[in-house]
Amino acid sequence: MKLIQILKVAVIPVLTVLSMLSTSNKVLADYLTSQGSGGNYRYELWATDDNSHYYLKVWSSQASQNSEAYSTTRAFTSTREALIYFDCKYAGRDLPECSQ
């Protein structure tokens, strides 16, 4: 009987801690950093939970707020790189970076 009580006291806290640690990794998610528009498009700029990569979700400016994204881009390493990409490809801006 004493062995069962010891196991309960030792095993339950360990399982609880392990469960909490595995749950915390699952909760991490991408998050919205900014949004805007240009040309005939609007965008949302998203970051990964560790801020190592960014990507754009792009819609036609006529699309409803609840519609699926027209395009989701590849990952960028900075917000600047992602926004320059949007300006060049979708907003039609004539930036020096667009010719690269």
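Residues are numbered from 1 along each chain as its sequence is written. In this predicted model, local features need pLDDT of at least 70 and side-chain atom pairs count only at pLDDT 80 or more, while totals for chains, interfaces and linings use all residues; side-chain values use heavy atoms, with hydrogens and water left out.

Let's start with Glu-44, which sits in strand 2 (residues 41-47). Strands are DSSP runs of E with at least two residues, helices are runs of H or I with at least four, and both are numbered from the N terminus. Glu-44 is buried but has no salt bridge: Lys-57, the nearest side chain of opposite charge, is 5.2 Å away. Buried means under 20% relative accessible area, using a 1.4 Å probe and protein chains only. A salt bridge needs a side-chain nitrogen of Lys or Arg within 4 Å of a carboxyl oxygen of Asp or Glu.

Next up is Tyr-55, in strand 3. Tyr-55 counts as buried because its relative accessibility is 16%.

Both residues make side-chain polar contacts (N or O atoms within 3.5 Å, one able to donate a hydrogen and the other to accept it; sequence neighbours count only if both atoms are side-chain atoms):

| Side-chain pair | Distance |
|---|---|
| Glu-44 and Trp-46 | 3.0 Å |
| Tyr-55 and Asp-30 | 2.8 Å |

And the core? The largest nonpolar core has 11 residues, including Tyr-43, Leu-45 and Phe-86. Such a core is a set of buried Ala, Val, Leu, Ile, Met, Phe, Trp, Tyr and Cys residues joined through side-chain atoms within 4.5 Å.

Note on methods:
Buried means under 20% relative accessible area, exposed over 50%, partly exposed in between (1.4 Å probe, protein chains only). Lys and Arg count as positive and Asp and Glu as negative; His and the chain ends are not counted.
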